[in-house]
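I set out below what I looked up in this model, entry by entry.

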Amino acid sequence: MIKEPVNDSKMDYRSIEHEMCGLNEEKRFEKIHTIIFKKSTLASKVVAHEIAELIRLKEANNELCILGLATGSSPIGVYNELVRMHKEEGLSFQHVVTFNLDEYYPMQTNSLQSYWYFMHEYLFDHIDIKPEHINIPNGTIAEEDVNSYCNEYEEKITSYGGLDLQILGIGRTGHIGFNEPGSHINSITRMVTLDQLTREDASGDFYGSANVPRRAITMGIGTIMKAQRVILMAWGESKASIVAKTVEGNITHHVPATYLQNHNNATFVLDEGASADLKRIHTPWLVGSCTWDEYTTKRAVIWLCQTVNKPILKLTDRDYNEYGMNDLISSYGSSYDLNIQMFNTIQRTITGWPGGKPNADDSQRPERANPAQKRAIIFSPHPDDDVISMGGTFMRLHDQGHEVHVAYQTSGNIAVFDEEVVKYANFYSELKSFNHAENEESDSFYENIKKAVLDKKPGSIDTAEVRRIKGLIRRGEARAACRFVGIPDKRASFLDLPFYETGKVKKKPVGKEDLEITIDILRRIKPHQIFTAGDLSDPHGTHRVCLELIFQAIEVLKNESWMKDCYVWLYRGAWHEWGVEDIDMVVPLSPDQLLKKRKAIFNHQSQKDNVVFQGSDNREFWQRVEDRNRNTATQYNQLGLSEYEAMEAFKRYYF
Ligand code: F6R
């Protein structure tokens with residue numbers, strides 16, 4: 001893994017690579033120049049600095065800089081940094097001409113979902129680029145004119161001498177631009193049909209995949225391949241598998257990004273999550289000599305069990321030798337000693353006492369015995385993450401006498417169907433008239449809400465009142481779930497963090513107020529345990545932002561005396577689970593406890609059956625999590641540990 005440079009003097013790839021060891025050996029399976037950063041924030045800055053350097057160089061030579069730009073979540077950090085450099089360092093875009101990769105078709109430019117809107121919101125409105133230098137495929141062109149329009153777009157790029165630098169993201173289908181599987185290497189700008197997976201990934205922005213356009217206009221693979229320089233960015237675990245296929249697999253039209261293996265100046269810039277499936281990260285022992293720290297050893301042993309299909313205590317010297325781990329065995333003396341040690345390490349992560357077992361020897365347990373009654377706070381990014389992700393542990397903590405608080409970080413109001421709002425408004429009006437309240441007023445309330453909902457165009461923002469009702473619906477469900485667990489109402493806090501309150505999938509940047517609210521509740525409760533969502537692959541980024549806020553709050557608070565006695569545990573939400581190698585505490589659930597957890601989740605009626613943000617997984621949230629909890633139990637069992645029905649997993653965060 002790259003050691004990240006800490007100052008701006010190292011904002012280029014060469015000095016970063018210089019800090020890597022075993023570079024060539026480690027990278028021998030990689031067919032594209034690939035750089036890995038711990039976090040996407042610094043990675044984005046390094047990319048922005050390369051772009052800025054090129055802009056300045058071109059300007060000094062009195063030339064225009066021709067940039068190919070992308071949309072989506074990947075380039076946002078780059079645009080933020082370019083805007084900062086424009087405002088604080090005088091970086092000028094007067095000599096920059098841009099060509100965007102793509103646009104949905106059909107698409108009105110002023111629609112919230114258009115790439116035109118995106119580019120202006122994140123970049124063009126904040127810099128000094130000349131409007132006539134901005135080129136974005138036009139989604140409003142009449143269908144019969146699209147062909148000639150695309151040819152003109154292509155010719156316009158050529159007339160400037162081609163793209164100096166193209167930035168890219170990668171879709172889970174392996175698309176670059178909207179060049180979906182099947183695209184030809186020589187393809188040029190054209191109309192294409194979007195892959196179903198791409199439409200599902202975009203469904204959040206459009207409030208349901210049915211509203212996502214089926215087609216788009218995109219630059220071709222040929223257009224991209226002609227750029228002098230290509231930088232592809234990918235962040236997060238959800239990209240890990242397609243990145244590995246692209247970087248290490250064979251060139252194939254099934255994964256169009258693999259064509260970039262033939263580009264002579266392409267770099268992939270990844271964060272830790274997106275690099276997770278590359279051989280040098282995933283199985284470094286198969287790639288070259290390996291530094292055997294405790295974590296890598298644990299990972300290797302678990303991987304070996306899964307590969308040879310044996311429990312830990314049955315692994316032999318020969319198994320280790322066959323899979324590139326002879327040096328590991330020699331440092332332990334024999335597989336027997338290593339197996340016992342690993343078995344014990346993993347065994348000790350299992351506990352039915354997530355708040356610590358009173359009066360027990362806790363030297364080998366994940367949690368402390370004292371204080372016997374702890375104050376615990378569960379941070380829940382959305383109003384149902386607490387019970388979905390750690391409902392079993394939540395109930396155990398309460399049943400074992402701990403004082404459990406829940407802090408619901410966001411209102412979750414965008415994930416409620418409009419029909420629900422009308423239903424509740426109707427109920428409210430009926431109730432008022434039932435109580436002999438002013439009939440006219442209650443009727444007009446219901447009528448107004450109904451009208452606000454019916455008049456709304458698909459994909460546009462709800463009125464403030466509708467949003468408020470949606471938030472209240474989720475609040476009521478969260479309270480019901482807490483009552484089901486046995487938590488009094490006063491221990492549920494609704495933080496309604498402001499960054500979330502846009503009414504859109506796109507959120508505001510995190511502000512001071514978000515952090516202050518988070519710090520305040522921690523100071524008020526002074527917990528012995530913090531449980532928080534470490535679920536970094538949340539497609540909308542809300543979990544990621546909520547976690548970042550907790551980390552920042554911990555940074556501010558860590559020297560306060562009560563924090564010295566506080567453990568932080570990361571659970572994972574509906575999208576992903578910790579691998580066994582990452583787990584520091586695992587709480588088993590019996591079949592009855594799993595059923596009870598399901599009932600706690602069922603209190604979230606607005607998130608049942610058919611939810612607004614379903615993603616590409618058709619299972620309901622409770623089904624996904626039961627499968628995940630069962631799968632963790634199965635994995636433990638396959639390693640030779642006891643057989644349980646299900647398990648909830650936690651990783652400890654050290655600060
Ligand atoms: C965007 C584009 C797409 C995205 C890709 C990744 O202009 O052409 O190829 O780059 O779908 O999207 P994100 O970055 O949102 O994961």
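**Ligand site**

S74 places a polar side-chain atom 2.4 Å from an oxygen atom of the ligand. For H175, I noted a polar side-chain atom at 2.6 Å from a ligand oxygen atom. G177 uses a backbone N or O atom, which lies 2.7 Å from an oxygen atom of the ligand. On its own the ligand has 410 Å² of accessible area, of which the protein covers 87%; the areas come from the Shrake-Rupley method with a 1.4 Å probe, and for residues only the protein chains shown count as cover.

I recorded that the model is predicted, that local features need pLDDT of at least 70 and side-chain atom pairs pLDDT 80 or more, while totals for chains, interfaces and linings use all residues. Residues are numbered from 1 along each chain as its sequence is written, and side-chain values use heavy atoms, without hydrogens and water.

I then listed the shell, taking a residue as near if one of its heavy atoms lies within 4 Å of the molecule or strand. There are 13 residues around the ligand, and S74, D102, H175, G177 and K239 come nearest. By class, I found three nonpolar, eight polar and two charged residues in this shell. Ala, Val, Leu, Ile, Met, Phe, Trp, Tyr, Cys and Pro count as nonpolar, Asp, Glu, Lys and Arg as charged, and the others, Gly among them, as polar.

I located E248 in helix α10 (residues 240-248); helices (H or I, at least four residues) are DSSP runs, numbered from the N terminus. E248 counts as buried because its relative accessibility is 15%, and buried means under 20%, exposed over 50% and partly exposed in between, with a 1.4 Å probe and protein chains only. The E248 side chain reaches the backbone nitrogen of K279 at 2.8 Å. Not counting residues up to four places away in sequence, E248 touches F29, E30, K31, D277, L278 and K279, where contact means heavy atoms within 4.5 Å.

E59 lies in helix α3 (residues 40-60). E59 has 33% relative accessibility and therefore counts as partly exposed. Leaving aside neighbours within four places in sequence, I found E59 in contact with S92 and H95.

**Helix pair**

In α16 (residues 385-399), V387, F394, M395 and H398 meet A481, C482 and V485 of α19 (residues 464-485). The residues of this contact divide into six nonpolar, one polar and no charged.

Methods
Helix = DSSP H or I, 4+ residues; strand = E, 2+ residues; numbered from the N terminus. Polar contact = N/O pair within 3.5 Å; in protein donor to acceptor, adjacent residues only side chain to side chain. Axes fitted to C-alpha atoms, helices over the stretch in contact; angles between N-to-C directions.
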